[in-house]
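Here is a short briefing on one protein. Keep the structure in view and find each part as you read.

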Amino acid sequence: MKQFTLRLDARQQRPVVALKNGLSALLDTGAYFPVWTDSEEVLVSGMGGTLVRKHVPFIGFGGTAYGNLYQVTLEVGGLIFPNMHIIANDELELSYNLILSATMFQGLIYEIDDKNHKLNIALPQGESNVRNLKIEDKNGHLHVLCHSTLFRI
């Protein structure tokens with residue numbers, strides 16, 4: 001079993017982790033979709049995000065919200081999300097750049113250690129650190145698909 005740990009920001013009351021390039025992310029275990037909450041310009045120029053679709057409705061922030069759907073490669077500790085779909089919605093002024101959804105950690109073991117300010121992630125046997133996450137539109141409703149990619153030789 002592979003394991004790694006991310007540091008939680010001790011100044012925050014919620015589980016906010018530091019990522020590469022000075023970015024920070026809230027781990028929201030109730031979130032279905034990953035959401036970019038900062039400027040879309042930062043998502044495009046700083047992260048290489050590519051616009052997929054504009055004005056996408058999704059359930060979140062206490063009701064139906066709208067955002068633009070992007071594709072971006074993201075690293076969360078030892079997890080790699082190549083060409084991941086993320087919804088950009090910067091309507092709220094938040095102290096972090098994105099929301100990591102529980103669906104991103106499907107099939108993994110993760111522990112929020114609030115006492116020691118750590119996020120511990122374990123990859124069980126058969127799970128890969130390369131994760132494929134895609135948001136699809138089916139019958140007018142968004143769905144999240146997430147699975148690991150195992151490379152076999």
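Strands β9 (residues 109-113) and β10 (residues 118-123) run antiparallel and are joined by 5 bridges. This comes from a predicted model.

**The β9-β10 hairpin**
- β9 and β10 form a hairpin, with 4 residues between the two strands.
- In the turn, His 117 has a positive phi of about 60°.
- Asp 113 has Lys 118 in β10 as its bridge partner.
- Tyr 110 stands opposite Ile 121 in β10.

**The sheet around the hairpin**
- β10 and β9 belong to an open sheet of 3 strands, in the order β1-β10-β9.
- The pairing in this sheet is antiparallel.
- β1 and β9 stand at the edges, and each has a single partner strand, so one side of each lacks a neighbour in the sheet.
- On average, neighbouring strands of this sheet are turned by 15° against each other, with direction ignored.
- Strands of a sheet pair through backbone hydrogen bonds, and the pairing is either parallel or antiparallel.

**β3 and its partners**
- Strand β2 (residues 16-18) pairs with β3 in the antiparallel sense, over 3 bridges.
- Across this pair, Ala 18 stands opposite Ser 24 in β3.
- β2 and β3 form a hairpin with 5 residues between them.
- Asn 21, in the turn of that hairpin, has a positive phi of about 60°.
- β3 also pairs with β8, this time in the parallel sense, over 4 bridges.
- Here Leu 27 stands opposite Leu 100 in β8.
- β3 is mostly covered, with 4 of its 5 residues buried.

**Aromatic pairs**
- How many aromatic pairs are there? The count comes to 3.
- Phe 33 and Phe 58 have ring centres 6.2 Å apart and planes at 80°, so this pair is edge-to-face.
- The pair links distant parts of the chain, as its members are 25 residues apart.
- Phe 33 lies in the loop between β3 (24-28) and β4 (35-36), while Phe 58 lies in strand β5 (residues 50-60).
- Are Phe 33 and Phe 58 buried or exposed? Both are buried.
- Phe 105 and Tyr 110 have ring centres 5.1 Å apart and planes at 45°, so this pair is tilted.
- The relative accessibility of Phe 105 is 2%, so Phe 105 counts as buried.
- Tyr 110 has a relative accessibility of 28%, so Tyr 110 counts as partly exposed.
- Tyr 32, Phe 33 and Phe 58 form one aromatic cluster.

**Nonpolar cores**
- The largest nonpolar core has 29 residues.
- Which of its residues touch the most other members? They are Leu 74, Leu 100 and Phe 105.
- Two or more residues of this core come from each of β1 (2-7), β3, β6 (63-76), β7 (79-88), β8 (98-101) and β10.
- β7 gives the most to this core, with 5 residues.
- Set aside the neighbours of Leu 74 within four places in sequence, and its contacts include Leu 19, Met 47, Leu 79, Ile 80 and Phe 81.
- Met 84, Leu 98, Leu 100 and Met 104 are also in contact with Leu 74.
- A second, separate core has 13 residues, among them Ala 31, Val 35, Ile 99 and Ile 135.

**The whole protein**
- The secondary structure comes to 1 helix and 12 strands.
- From the N terminus on, the elements run β-β-β-β-α-β-β-β-β-β-β-β-β.
- The protein has 153 residues, and 44% of them count as buried.
- Take the contacts with a separation of 6 or more: residues 24 or more positions apart account for 57% of them.
- The protein exposes about 8600 Å², and carbon and sulfur atoms supply 48% of that area.

How values were computed: Residues are numbered from 1 along each chain as its sequence is written. This is a predicted model: local features need pLDDT of at least 70, side-chain atom pairs count only at pLDDT 80 or more; totals for chains, interfaces and linings use all residues. Side-chain values use heavy atoms; hydrogens and water are left out. Two strands pair if DSSP finds at least two bridges between them. Rings of Phe, Tyr and Trp (its six-membered ring) pair if their centres lie within 6.5 Å; planes under 30 degrees apart count as stacked, over 60 as edge-to-face and the rest as tilted. Buried means under 20% relative accessible area, exposed over 50%, partly exposed in between (1.4 Å probe, protein chains only). A nonpolar core is a set of buried Ala, Val, Leu, Ile, Met, Phe, Trp, Tyr and Cys residues joined through side-chain atoms within 4.5 Å. Contact means heavy atoms within 4.5 Å. Axes are lines fitted to C-alpha atoms, for helices over the stretch in contact, and angles run from 0 to 180 degrees between N-to-C directions. Accessible areas come from the Shrake-Rupley method with a 1.4 Å probe; for residues, only the protein chains shown count as cover.
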